[in-house]
Each structure stands twice: as structure tokens, then as C-alpha cells.
Amino acid sequence: MRIHVVPQTQGALTPRAAQLADGARGLGALAAEVLGVLATEVPVDPAGDPSVVDGVANRDALVRNRAGQLAALEAPAAKVITIGGDCAVELAPIGVARYRHGAGLGVAYFDAHPDLNTADSSPSGAYHGMVLRSLFGEGDPEFAAEPALVPGRAVLVGTRSIDPAEQDAIDRGLAVVATPDDLPARLRDSGAESVYLHLDLDVLDPGEFDGLNYPEPDGLSVPALVAAIRSLAEFEVIGAGVTECVTADRDELRKLVPVLEAIRDVLI
């Protein structure tokens with residue numbers, strides 16, 4: 001098992017986005033301690049251009065950062081936990097997982113937002129809200145995955161803030177919305193043969209953890225999240241990502257130890 005820390009900030013345009021780099025490093029250090037493995041930082045472009053080009057803010061920096069991640073993922077000997085940074089860091093590892101594990105790859109997508117916008121539909125141009133749509137091979141061709149995820153094999157859990165274009169994508173079957181209890185059944189029904197676990201920490205209720213980049217009310221508790229992650233044990237979980245942490249406070253981060261332990265246990 002390996003940990004890749006990707007302190008990328010350019011995919012988010014929120015007030016706390018600048019804190020994503022330190023949050024990734026702090027969470028990566030904690031994950032290394034809990035899992036007992038080395039955390040390796042993947043270099044990212046420290047600059048960017050927040051002006052929107054072709055519908056995507058910081059577009060050039062995001063393209064360069066993805067190249068660095070792909071290079072880090074070339075050796076397939078171990079399962080990788082990617083610690084972001086913004087959700088855009090998931091484009092490379094999920095895309096590589098789809099290439100290596102085939103069309104049977106499913107994604108358990110724990111996120112308050114479905115990340116199913118395109119450059120045309122995004123209200124902000126922030127790419128972290130487009131990454132799952134790209135993984136289905138849609139949107140900006142620079143980011144569109146090839147091969148793409150099979151429609152219906154992403155199961156959204158804890159998702160509660162959905163833009164109209166994202167709802168349209170859900171309605172035509174790109175992704176499925178599920179409760180935590182329904183997650184395993186929905187993955188089975190989708191035909192998933194292996195699973196990648198995506199966790200944007202904003203799936204948690206803001207009262208549970210103070211390091212959320214894009215908090216939304218009425219989220220999951222830590223115990224509910226842990227139980228949902230552990231329910232994936234029946235599947236072959238081939239990788240995981242944890243994103244959008246904006247605190248490096250050690251005491252606050254330690255609230256996530258049960259989450260990291262659950263991720264470790266389903267990956268083993």
C-alpha cells in the first residue's frame with residue numbers, strides 16, 4: 001500500500017481553497033502514521049490562473065499536475081491512497097484504475113456534491129465540480145477519460161447539493177444516488193466487479209469535522225461514514241482517495257482516525 005499526497009488547490013475556488021495544500025500534507029502525515037506506510041508527496045504546480053479558460057479555472061496548471069500524478073502511478077505494485085488537495089486529484093488515479101481493472105470498475109463516491117458538471121454547465125469554472133463527469137468521458141476533451149467509466153457504475157453517497165445539469169446526468173443514468181445502507185446493493189446491481197473508494201470530506205456534517213472546504217448541512221456522522229466504508233469489505237477495493245481537507249490541526253485531524261482505519265481495512 002502507498003500514500004500519494006497531492007497538495008493541489010487549483011481545482012477549487014472556495015474561500016478556504018488556499019488551505020488545501022497544508023490540509024493534504026497534515027492528513028497525509030496522519031494517514032502514514034495510522035497505516036504504517038510512507039507518504040510520498042507528488043509535486044504540483046504551485047501557481048495557477050484563476051481566470052476561466054474554456055470553462056475551467058486554472059486549466060493549464062491542472063493539466064500539468066495530472067501529468068505528475070500519472071508519472072507517480074506508473075508502478076502498479078501496490079494499492080494507492082491519494083490524499084488531496086481538491087477533488088480534481090482523483091482524475092488520474094480513478095482513470096488509471098479504470099484502465100487497469102477494466103469496465104467492471106465501480107466507484108463508491110462519498111461526496112456532498114456529485115461533481116457531474118461540465119465546463120459548459122459549471123456555475124463557477126471550478127474543476128473539482130466536474131471530475132466525475134470527466135471520468136465518464138464527457139465534457140472538456142482535455143480531461144475526458146479514455147477508457148471511461150461505464151454509466152451507472154458510480155454510486156453517490158451522502159450527496160445533497162446537486163446542480164440542475166448534474167441532476168440531468170443522474171436522471172439519464174450516469175450515476176446512482178444511494179443511502180449509506182444501500183451502497184453495497186447498488187454497487188452489486190451496477191455490475192461492479194471491483195471498487196474505487198472516493199471520499200470528499202464534505203460528505204461529513206460540518207458539526208463533525210471543522211476542516212471541510214465546501215461544507216453542506218445535514219451530512220453524515222463519522223460513525224455512519226465508517227460503517228458505510230466498512231460495508232465495502234465484500235468487494236475488491238483497489239484504491240482510495242481522500243480529498244478537500246483544509247485543516248492541519250492535529251487534534252482536529254485525529255477525528256478522522258476511524259475513517260482512515262476503515263479505509264485501510266477494506267484495502268487490505
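Helices α7 and α9 pack at an angle of about 5°, with their axes 9 Å apart, where axes are lines fitted to C-alpha atoms, for helices over the stretch in contact, and angles run from 0 to 180 degrees between N-to-C directions. That angle makes α7 roughly parallel to α9, since angles under 35 degrees count as roughly parallel, over 145 as roughly antiparallel, 65 to 115 as roughly perpendicular and the rest as oblique. The structure is a predicted model, in which local features need pLDDT of at least 70 and side-chain atom pairs count only at pLDDT 80 or more, whereas totals for chains, interfaces and linings use all residues. Residues are numbered from 1 along each chain as its sequence is written, and side-chain values use heavy atoms, with hydrogens and water left out. Helices (H or I, at least four residues) and strands (E, at least two) are DSSP runs, numbered from the N terminus.

Helix α9 spans residues 257-267, and its buried residues are V257, V259, L260, A262, I263, V266 and L267; buried means under 20% relative accessible area, exposed over 50%, and partly exposed in between (1.4 Å probe, protein chains only). The cover over these buried residues includes α1 (20-35), β5 (80-84), β9 (194-200), α7 (222-230), β10 (237-243) and α8 (250-253).

Eight strands form an open sheet in the order β2-β1-β5-β10-β9-β6-β7-β8, with parallel pairing, two strands being taken to pair if DSSP finds at least two bridges between them. The edge strands, β2 and β8 (175-178), each pair on one side only, and the twist averages 20° from one strand to the next. Strand β1 (residues 2-6) is mostly covered, as four of its five residues are buried. On one side, β1 pairs with β5 in the parallel sense over five bridges, and R2 has V80 in β5 as its bridge partner. Three bridges join β1 to strand β2 (residues 39-41), also in the parallel sense, with E41 in β2 as the bridge partner of V5. The chain crosses from β1 through α1 to β2 in a right-handed β-α-β crossover; a crossover is right-handed if, with the strands pointing away from the viewer, the path from the first strand over the helix to the second runs clockwise.

Strand β7 (residues 154-157) pairs with β8 in the parallel sense over four bridges, and four bridges likewise join strand β6 (residues 105-110) to β7, again in parallel. A right-handed β-α-β unit is made by β7, helix α5 (residues 164-171) and β8.

The largest nonpolar core has 48 residues, of which F110, L197, L199, L201 and I263 touch the most other members; such a core is a set of buried Ala, Val, Leu, Ile, Met, Phe, Trp, Tyr and Cys residues joined through side-chain atoms within 4.5 Å. Leaving aside neighbours within four places in sequence, L201 is in contact with L27, F209, L212, V242, T243, C245 and L256. A second, separate core of 29 residues includes V56, L116, A169 and L174.

Several backbone features lie in loops. Most residues other than glycine have a negative phi, and most peptide bonds are trans. The peptide bond from E146 to P147 is cis, with omega near 5°, and P147 is placed in the loop between α4 (131-135) and β7. D54, although not a glycine, has a positive phi of about 55°; this residue is found in the loop between β3 and β4 (56-57) and is exposed, with a relative accessible area of 60%. D115 also is not a glycine and has a positive phi of about 55°, but D115 lies in the loop between β6 and α4 and counts as buried at 4% relative accessibility.

Notes:
Contact = heavy atoms within 4.5 Å.
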